[in-house]
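Subject: Structure for your study

Dear colleague,

Please find below the structure that I promised to hand over to you. My notes on what was found in it follow directly after it.

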Amino acid sequence: MNKVIITSDSTADLDYLFAERNIPMISLSVLLGDREGLDGTEVKPEDIYAYFDETKQTPKTAAVSIDRYYDFFKKFTDDGYDVVHFTISSDMSACYNNACVAAERLGGVYVIDSENLSTGIGMQVLYAQDLAADGLSAREVADKVNARRSAVQASFVVDTMTFLQKGGRCGAVTAFVASVLKIHPSIFVANGKMGVGKKYLGSTSKAIVKYVRDTMEAFPHPDKKYIFVTHSSAPAETVEQVKAEIRSVWKDVDIIETIAGSTVTSHCGKGTLGILYYNDGE
């Protein structure tokens, strides 16, 4: 049996954990007007905020090309690895299709459509690496990850609808009404698509805490190994409030705080926060 390596695209938003666990990553591209750079290395969230403040325009993002995927995978297959690679949802990007084309040229590459984004991908990547460490083959890892995919609870609350509206994910009227009435919608991911959940009134911090309570009540069976609080530069006090709220219900959990990368930030804007976990624990 070949050695197994787990890889991911940059939308998993787990740069530092991937570095610690030696999980190779390939970056999508972010376009700030005429400037194009790689997510996480050449374009960071701070660049996106500055670009929006200056131009009032939101960035565009571009999928990893087939050729870049081919070169990325080939490094590992040439070294005798079977590859299990994760992409952002195929409903949100061409990454999955491009990766599949590259994989077919090489063989020994199993491409996973995460049907998710951000740490909704990341937790699947970490689970896959745990399985590989237990000695499972690449095919067995892929099968187990896909079987568990529907248990991923991924949702978040946005501070502003501007980025979603400019990116075509909500209408201008909806964004305007939300702004005027201080409505903060929750966005959930299901079957690879984003949808609008509960809408919260009032300040962002109060809306987020209420969203956390509602989410834990609706999805009360977390796998406590990986519980994420992921945000795009949300205030530190709000993040700590959220962590305290989680621990008030689920005792002795390890909470992993992560910052949304440039691709995800390009579509959600500043101040977005979500909690994400497998909802299949005891």
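Strands β6 and β7 run parallel and are joined by five bridges. In this pair, H85 stands opposite V111 of β7. Helices (H or I, at least four residues) and strands (E, at least two) are DSSP runs, numbered from the N terminus. Two strands count as paired if DSSP finds at least two bridges between them.

Before going further, please note that this is a predicted model, in which local features need pLDDT of at least 70 and side-chain atom pairs count only at pLDDT 80 or more, while totals for chains, interfaces and linings use all residues. Residues are numbered from 1 along each chain as its sequence is written, and side-chain values use heavy atoms, with hydrogens and water left out.

The four-stranded sheet

Strands β6 and β7 belong to an open sheet of four strands, in the order β2-β1-β6-β7, with parallel pairing. The edges are formed by β2 (25-26) and β7 (109-113); each has a single partner strand, so one side of each is left without a neighbour in the sheet. Strand β1 (residues 3-9) runs parallel to β6 (residues 81-87), and six bridges join them. The bridge partner of V4 in β6 is D82.

How far is β7 enclosed by the rest of the structure? Four of its five residues are buried, so β7 is largely enclosed. Here, buried means under 20% relative accessible area, exposed means over 50%, and partly exposed lies in between (1.4 Å probe, protein chains only).

Helix α3 (residues 66-78) lies across β1, β2, β6 and β7, at about 145 degrees to β6. Helix α4 (residues 95-106) lies across β1, β6 and β7, at about 170 degrees to β7. For such angles, axes are lines fitted to C-alpha atoms, for helices over the stretch in contact, and the angles run from 0 to 180 degrees between N-to-C directions. Contact means heavy atoms within 4.5 Å.

S114 lies in the loop between β7 and α5 (119-133). Is S114 buried or exposed? S114 is buried, with a relative accessible area of 0%. A polar atom of the S114 side chain lies 2.7 Å from the backbone oxygen of T87. Leaving aside neighbours within four places in sequence, the residues in contact with S114 are T87, I88, S89, I121, Q124 and R149.

Two helix pairs

Two packed helices are described by the angle between their axes and the distance between the axes. Helix α9 (residues 204-218) packs on helix α10 (residues 236-249) at an angle of about 25 degrees, with the axes 10 Å apart. That makes α9 roughly parallel to α10. On the α9 side the contact is made by S205, I208, V209, V212, R213 and M216, and on the α10 side by T238, Q241, V242, E245, I246 and V249.

The second pair is α5 and helix α6 (residues 138-148), whose axes come within 10 Å and cross at roughly 140 degrees. The helices α5 and α6 are therefore oblique to each other. Angles under 35 degrees count as roughly parallel, over 145 as roughly antiparallel, 65 to 115 as roughly perpendicular, and the rest as oblique. Which residues meet in this pair? Q124, Y127, A128, L131 and A132 in α5 meet V141, K144, V145 and R148 in α6.

A covered strand

Strand β11 (residues 227-231) is mostly covered, as five of its five residues are buried. I227, V229 and H231 lie on one side, with F228 and T230 on the other, and both faces are covered. Five bridges join β11 to strand β12 (residues 255-259), and the two run parallel. T230 stands opposite T258 in β12.

Individual residues

Phi of D13 is near 60 degrees, a positive value in a residue other than glycine. D13 is placed in the loop between β1 and α1 (15-20) and is buried, with a relative accessible area of 4%. K56 also has a positive phi, about 60 degrees, although it is not a glycine. K56 lies in the loop between α2 (45-55) and β5 (60-62), and at 47% relative accessibility it counts as partly exposed.

Finally, S266 is found in helix α11 (residues 262-268) and counts as buried at 1% relative accessibility. The C-alpha atoms of S266 and I48 are separated by 6.8 Å, although the two residues are 218 residues apart along the chain.

With kind regards

Terms used. Polar contact = N/O pair within 3.5 Å; in protein donor to acceptor, adjacent residues only side chain to side chain.
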